[in-house]
Amino acid sequence: MANIVMNGDFSDGIEPWYANGCQAFVVSSGSFSSDSGYAVVTNRKETWQGLEQDITAQVSPGVKYNVSACVGVSGSFDESDEVLATVRLERDDSPTEYLFIGKAYASRDKWVDVEGTFLISNMPDRVVIYLEGPTPGKDLLIRSVTVKESTSCDFQEAEEKIAASRLPLNIINNHDFSDGLCSWNSNSCDSFVVGSNECNSESYAVVNNRSETWQGLEQDITDRVSPGYTYKVSAIVSVWGPVQRSAQVLATLKLEHHGSATEFKLIGKTYVSKDVWKTVEGTFVISGRPDRVVFFLEGPPPGVDLLIKSVTIHCENSNQFERSRDFCSAPEANHHIFLNSSFSDGLNHWSGRGCNLMLHESLADGRILPHSGTCFASATERTHKWSGIEQDITERVQRKLIYETSSVVRLSHSHHTVQATLYVQYLDQREEYIGISSVEANHDDWVKLKGKFLLNGSPARAVVYIEGPPPGIDVFVDHFEVKPAEKPPLSRRPYIESHVYGMNIVSNSHLTDGTIEGWFPLGDCHLSVGEGSPQILPPLARHSLRSTHEYLSGRYVLATNRSETWMGPAQMITDNVQLFLTYQVSAWVKVGSGGLTCPQDVNIALGVDGKWVNGGKVEVKDGDWHEVVGSFRIEKQAREIMLHVQGPSPGVDLMVAGLQVFAVDHKARLSYLKGQADMVRKRNVRIKVTGLDPNELSGATVRIRQTSNSFPLGSCISRSNIDNEDFVEFFLNNFKWAVFGNELKWTWTEPEQGNFNYRDADEMLGFCESYNIETRGHCIFWEVESVIQPWVQQLSEPELESAVENRVTDLLTRYNGKFRHYDVNNEMLHGSFYRDRLGFDARAKMFKMAHELDPLARLFLNEYHIEDGFDSRSSPEKYIKLVHKLQKKGAPVGGIGIQGHITSPVGHIIRNALDKLSTLGLPIWFTELDVSSINEHVRGDDLEVMLWEAFAHPAVEGVMLWGFWELFMSREHAHLVDADGEVNEAGKRFLEIKNEWLSFVEGVIEDEEGGFEFRGYHGSYIVEVVTCEGKYVKSFVVEKGNSPVEIIIDL
C-alpha cells in the first residue's frame, strides 16, 4: 500500500510539513546520517512542539492505519529521550481529541523506529499526524514517516490487545443502560429504560416524576476512584416535557463524610432542548478519602424528564500519554492544612493576633447560632484592623501548590469588609502579606469567605489569619479550612448557536413607523417620539456594521419627566443575547436644555438579573448629538437582560436615536490588521552575501529564521514571582521588558514616614539586569487619594510639597539611568489629591523634577478606560486635553500610557482611540494590559484583539501585560498560565501570536551578486547559507523602518 504521508522522507524539503510552535529545516546529509537527509525540529520550548502534517484527505473512518517513523534526538551520545507519534482529531463543534500511536526512546547515536496503529471511528473536520516529545531545548530529528492502510490480519489479536490496553477504563457500570437500570439508583424520583427498537437504535434511561431540580439518576463509585487522580466525565443527555427553550443538565459529584457535611462538586453542565442529545463534560479530582462517592446527573426544572443515553468516567492519569501536566496534589496526610478547623477540639492550634479568642455555642440570647457544627469562635478585644484569629501552617504548606480557603464569618455589630490574609516570612527575613479573599460581612447572618493562594518561595514561617473590621468589632468564625485546591476542568471553546455578526438586536431602534413599540419607560418617566436626529448611523457603528449605507429615520426616543438619573428608555433583549459573544454598542444621544448648565453623563447600560453592566458612557455638555459607544459580553446564563439608557440629572430630558447593539466577529478584522502590521512592522530586506567564490555561491540555499521581534513586549512581575523558577522560565522565554506591580510605588517604598523599603525593588532590578530585561518605573506618584499612605494625607501643604520633592529626589537619584520609562503621576483623570492640595502646577513640576534628575528616562502619563468608551472621565479627548495642559506648563511629557484593563474589546473602538491619541505625536504604550473571561478560549480571543490592534498601529511602541500567572493578576480569570505552571488556552494563543510575529524565509541565491530579497518583521535574525562546500551561519538585525535596506553578510 502507498504511503499516505506526503514527502515522508523529506526529499522535497520541509513542505508540506508544519512546525508546531517551533522551527524546522531539512539537512541533506551529515555525520549523523550518511545515506539520507532528515528534518531537524528546533527552538522547541514545550514537549508537545514538533512536526505535523494534515492528512484529512488521505484517511477514512473505520480503516486501520500502520505508522512507522524513524527518529532521533539531539544531546549527548549516551542521553536518550522520549519521542511520541500522535494523531490529533479536530472537530468544530466538540473538543479536540488526541490518539496516541506509539513511542520510542531515541538518542543521538542511534535512529529508532516509533511504530503503532490508529483507527478513526467517526470522521472529524481535520486529521493531523505529528511527532513530539523530547525535553524542551532538544532538537527532534526525523528521517522518515510512513502511514499505510493496514491489510494484514496476522497480528490482529495482538493489535486488539494493544488497542484495548490503551483504552481508558470506564469506571461506570452499565454505562449505556444495556442491562436496564442495574447499578443505577433514582434519587427521590422514578426511572425506566427505553430499549432499542426500530425507532431507537440505542437504549436510554428516562428519569421522570421529578419534583426538585436535584432529582436524577446516581451511581455509587466509591470503590472505583482514588484521591489525587483526575477523572474525565462525559454523559450524553436530553430532556422531555414542558421545556420553553432549553433546560440545564448538570453532572455532579457527592462526597459523603461521616461526622461532617456532605460535599457537592459541580463537574460540568450543558443546556439542552427537546429532541436534541448533548454531551455534559468535565473533570474532577478527589483530594481526600470520603466515606462515599456518588456520581449523579440532575438539573432540569421539576416536571421535565431527564433522558440519559450513556455515561463514561475514566481516569486521565492512568493514560501515560496525557498531554497536560498532572496537577500535583499535596500528600494526603496534609490534606487539611488547618488543624481543628471546625473547633471540635476547642481552641487548640488557634491563637489570637492582637486579640483574645473565645468559643461559643450561641450568643445574643440564642439569636446567633453556629452555621454548622456545635460551636463557633470569636476574636474579641481587637486592637487593630489586622487583629483576628490565626493559625501557623508553616510545617504543612508547600511552595508552588494552590490552596483554597473556606470560612464562614459574621460580625458582632455593623457591617465591614472581612479579609483572609497569608503572612509569610522567608529565610532571609523578608516579609510578605498576601490577600487571599474578602467579603462584606454583617451582624445579621453568616457569610462565606472563600479564596485561593500560592507560595512562590520556601517560607520560614507562614500564618493565615482573618482581619479587616475596625478595632472594637468582634469577628465570629464558624469554621476555617485550608486545603489543596482541585484542578478546574479544562476550558472548552463555548458552543455558539447560529447567529449573524453585525445584525442589530435592538427592536424598533430606528422608530421607522413613528411609534415606540418595543420600548418602555424605566421608572415613571414618559416616552415619546421626536424628530430631528441624525439620519446616518453613528460613526463607529458604520465602521463595524455590514449595512454601512443604511440610513436612519431622523426620529428619536424622548424621555421626559425624569425624577432619577437611572430613568430612561428601556427594552428587554434576553432572547436576543447569546453567551460569550462580544456586542458593540453605539447610539446618538442628546440632552435637553435643562442639562446644559453642567456636563451630563449618558450611559447605555444593561440590567442582567438586576446587576448593572456598563455598555458605554459619554459626557454631553452642549445641545448637539453625540455618539456613545461601548461593548459588553454576557458569560453566565441570565433569566432577564434589560437594555436601558440613563445618566443625566433628574429633570433633564434625554434623547436617544439609532441605538445599535450587534455581535462583533474579531476574526474578520484580523486579516486587515495583519495587512496593516505588514506595512508598519516589516520592511523589504536585500541580503547580499560576500566573501565566497561566485561559483560556490551560485545556487546556494538560504534559510532565514527570525529569532526575536524588536517590538517591545513585557509583563508585570512581583518580588515573590522571581522565587518561582517556573514563572521565571516563562517570563524570560517570552518577555524583554518588566514593570514592578507594587514594589516601586511610594506606598511600598515609604509606608511610614522615614521608614524606607527599597530592598524588594533593588532585588527585582538586579534580577532584570542580570537577564538584560528593560524596565519601566511604575509609578513615582499616584493621584488617587484612596491609595495614598495615611501619613502623606495628613501632611500640611508645605510638608506635602517637601515630601513630594524628597520622593522624586530619593527615587530617581537611587535608580538614575536604571529605568527606561517612568509613570510620573498615575491616573490624573481619576484622582486629584496632589492637584487639590498643591495646585495643577505641582503636576507639571513632578515631570520637570524627574527629567532634571534622570534626563534619559521617558516620562509617561498613565490612565485606564481610554480605549473602550466605558468611562466619560477618561475619554481620548480629555486625555489629549490633559497632555496639552501639562505641556503648556512646561512638563516634558514623553509618552502616553494606556493601561488596557479591558473587558469585551472591540477593534474599531480601540483603533479610534489610538488614532485620536496619535495626533499628539508621542509614543503610545499599553502599560498594564489584561483581558478577563471565565472561558480561556474567549480570553485568548480578547488578547488577540488587543495585541494585533497594538501591533498594527504605527503610534504604539510597546505592550506590557499586567501579569500572566494565576493568583498574581489584578483581575480574576485573566491569567495565561495556571498556578501549577500549565499554559492554558489563552496562554497558548499568546504564544501563537508571538510566533506569528516572526518571519521565516528560505530560497535559492540566483543573483550574480549574491543577493537574496525578502520582506520581514523588524528584529533579530539568523541566516544559513548552504553551498556545495558547506554551511555558513550568520546573524543580523533588521532595524525599524519602512524603506528597503541592504544587509551585507560577509562569509
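The notes that follow are grouped by topic.

This is a predicted model, in which local features need pLDDT of at least 70 and side-chain atom pairs count only at pLDDT 80 or more, whereas totals for chains, interfaces and linings use all residues. Residues are numbered from 1 along each chain as its sequence is written, and side-chain values use heavy atoms, with hydrogens and water left out. Helices (H or I, at least four residues) and strands (E, at least two) are DSSP runs, numbered from the N terminus.

- An open sheet of 5 strands is arranged in the order 31-34-39-36-37 with antiparallel pairing, where two strands pair if DSSP finds at least two bridges between them.
- Its edges are formed by strand 31 (520-522) and strand 37 (611-620), each of which pairs on one side only, and the twist averages 25° from one strand to the next.
- Within this order, strand 34 (residues 568-572) is joined to strand 39 (residues 641-646) by 3 bridges, the two running antiparallel, and Gln571 has Leu643 of strand 39 as its bridge partner.
- Another open sheet is built from 3 strands in the order 53-41-56, and its pairing is mixed.
- Strand 53 (1011-1017) and strand 56 (1045-1050) are at the edges of that sheet, and each has a single partner strand, so one side of each is left without a neighbour in the sheet; the twist here averages 30° from one strand to the next.
- Strand 41 (residues 682-690) and strand 56 run parallel and are joined by 6 bridges, with Glu1046 of strand 56 as the bridge partner of Arg686.
- Strand 4 (residues 51-54) pairs in the antiparallel sense with strand 1 over 2 bridges, and also with strand 9 (residues 126-132), again in the antiparallel sense, over 4 bridges.

**Helix packing**

- Helix 5 (residues 725-734) and helix 15 (residues 985-996) pack at an angle of about 25°, their axes lying 12 Å apart; axes are lines fitted to C-alpha atoms, for helices over the stretch in contact, and angles run from 0 to 180 degrees between N-to-C directions.
- The two helices, helix 5 and helix 15, are therefore roughly parallel to each other, a description that applies to angles under 35 degrees.
- Phe730, Asn733 and Asn734 of helix 5 meet Phe990, Leu991 and Lys994 of helix 15, contact meaning heavy atoms within 4.5 Å.
- By class, the residues of this contact are 3 nonpolar, 2 polar and 1 charged, where Ala, Val, Leu, Ile, Met, Phe, Trp, Tyr, Cys and Pro count as nonpolar, Asp, Glu, Lys and Arg as charged, and the others, Gly among them, as polar.

**Cavities and pockets**

- The structure holds 6 cavities of 30 Å³ or more; on a 1 Å grid over the protein atoms alone, a cavity is a set of points where a 1.4 Å probe fits but cannot get out, a pocket is an open set with protein on both sides within 12 Å along at least five of seven lines, and lining residues have an atom within 4 Å of a point.
- The second largest cavity contains about 80 Å³ of space, a volume being the space filled by probe spheres set on the points, with grid points joined across faces, edges and corners.
- Residues lining the second largest cavity include Lys745, Trp746, Cys779, Trp782 and Tyr834, and the lining has 8 nonpolar, 2 polar and 1 charged residues.
- Strand 45 (774-782) and helix 6 (746-749) each supply at least two residues of that lining, and the largest share, 4 residues, comes from strand 45.
- The second largest pocket holds about 910 Å³ of space and is lined by 37 residues, of which Ser872, Ser875, Pro876, Glu877 and Lys878 lie nearest its centre.
- Helix 12 gives the most to the lining of the second largest pocket, with 6 residues, and the lining as a whole divides into 14 nonpolar, 8 polar and 15 charged residues.

**Backbone features**

- Most residues other than glycine have a negative phi, and most peptide bonds are trans.
- The peptide bond from Glu15 to Pro16 is cis, with omega near 0°, and Pro16 is found in the segment before strand 1 (18-19).
- The peptide bond from His778 to Cys779 is also cis, with omega near -10°, and Cys779 is placed in strand 45.
- Asn7, in the segment before strand 1, has a positive phi near 50°.

Notes
Angles under 35 degrees count as roughly parallel, over 145 as roughly antiparallel, 65 to 115 as roughly perpendicular and the rest as oblique.
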